[in-house]
Amino acid sequence: MSITVRHLQKRFGHFSALDDVSLDFPAGELVALVGPSGCGKTTLLRVIAGLEQADAGHVLLHGEDVAAVGAREREVGFVFQHYALFRHMTVFENVAFGLRARARRVRPSEAAIREKVHALLGLVQLDWLAQSYPTALSGGQRQRIALARALAVEPKVLLLDEPFGALDAKVRKELRAWLRRLHDELRISTIFVTHDQEEALDVADRIVVMNRGRVEQAGSPQAVYDHPANAFVCSFLGAANRLGGAVLADGFVAEGATLPVRVAADFTGPAHAYVRPHDLLLTAAIDERHAGIAVDVKRVVSLGAVVRVELATRGGQPLEAQVERDAWGALALKAGDRAVAVPRAARVFPIR
């Protein structure tokens, strides 16, 4: 089912949670909403679900305006961060709850409910826990049961609000891979809110970046990461060093650098350049022919195949570089040494 929102407005007192938000979510897509706390992502999810009413604007599900349609009739499954499982019910009873709560005329038979619940528990790979209670489950297992319960009523749309936010990093990584596989199998239109940018880049077909109630950019993960629409998106999505300087006719010259770096820019004047850590090349040579910045190596952190190098400019600004382990060994640098940091690629935005 496709989802369309047009010119949504929602205020809580003087706070504008949604400020003229318009988006299209094609059927079958898995879309991530990302942004800082308070940017409006959860409010947007709740408005789509019918749990909040917008002050203005429209929500269309498969082309139908659902302003007058209640949450239960929208055929939307909602999964919260903290599971919301019934502690006094077994896993089986939790998943069956939505089916048994239907009006008698549309309620499946008990045999059909049993078959459906066991099929769903098999889908989330937890059929063996059918008679357990939520308190006996791990956080990852509870979240999968919450998802099975949402799927039981055969929703046309699945909405996930920080579904893995309460879990540790290892379990989150496992579950997001599992969610991607599940989505590829079921193809339910899915929108999920996450504060984990890596999670969004890893799982989603498309990313929507929000800030202060507005949409800053929407697109494929690769497009948004490689071609950010503005400085906010560039700094929010993925690690980036911010360098002050200016765009001149022959490129961007960072403060402390002697030569320009070629960049794509349609303006000249004071600017900030954003450089990803893997695009910050380190050289041990202190040479003015480099289009780089003199830095001090402050700390070296080995992360397996890559090395994170914490740096500081002569003016004290912190920078971070990411170097492949073999390349780092060839540099023969250590904490306390001087080096030159050379931006290989940068996104520049004017200072306003």
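Buried residues are those under 20% relative accessible area, exposed ones are over 50%, and partly exposed ones lie in between (1.4 Å probe, protein chains only).

## Basis of the report

This is a predicted model, in which local features need pLDDT of at least 70 and side-chain atom pairs count only at pLDDT 80 or more, while totals for chains, interfaces and linings use all residues. Residues are numbered from 1 along each chain as its sequence is written, and side-chain values use heavy atoms, with hydrogens and water left out.

## Aromatic pairs

Rings of Phe, Tyr and Trp (its six-membered ring) pair if their centres lie within 6.5 Å; planes under 30 degrees apart count as stacked, over 60 as edge-to-face and the rest as tilted. The count by this rule is 3 aromatic pairs. One of them is the stacked pair Phe232 and Phe236, at 5.7 Å centre to centre with 15 degrees between the planes. Both residues belong to helix H8 (residues 231-236) and are 4 residues apart, about one turn of the helix. Helices (H or I, at least four residues) and strands (E, at least two) are DSSP runs, numbered from the N terminus. Phe236 counts as buried because its relative accessibility is 15%, whereas Phe232, at 22%, is partly exposed.

Tyr274 and Phe349 form an edge-to-face pair, 5.9 Å centre to centre and with 65 degrees between the planes. This pair links distant parts of the chain, with Tyr274 in strand E13 (residues 269-275) and Phe349 in strand E19 (residues 347-350), 75 residues apart. Tyr274 is buried at 9% relative accessible area, and Phe349 is buried at 13%.

## Arginine residues

Arg206 is found in strand E9 (residues 206-211) and is buried, because its relative accessible area is 14%. A polar atom of the Arg206 side chain lies 2.5 Å from the backbone oxygen of Asp24. Leaving aside residues up to four places away in sequence, Arg206 touches residues including Phe25, Glu29, Ala218 and Pro221 (contact means heavy atoms within 4.5 Å).

Arg144 lies over the face of Trp178, 5.9 Å from the ring centre. Arg276 lies over the face of Tyr225, 4.1 Å from the ring centre. For a charge to sit over a ring, NZ of Lys or CZ of Arg must be within 6 Å of the ring centre and within 35 degrees of the ring normal.

## An open sheet

An open sheet is formed by 4 strands in the order E2-E1-E4-E5, with antiparallel pairing. Strand E2 (15-25) and strand E5 (64-65) stand at the edges with a single partner strand each, so one side of each has no neighbour in the sheet. Two strands pair if DSSP finds at least two bridges between them. Strand E1 (residues 3-12) and E2 pair over 8 bridges in the antiparallel sense; Ser16 in E2 is the bridge partner of Arg11.

Definitions and conventions:
A polar contact is a pair of N or O atoms within 3.5 Å; within protein, one must be able to donate a hydrogen and the other to accept it, and residues adjacent in sequence count only if both atoms are side-chain atoms.
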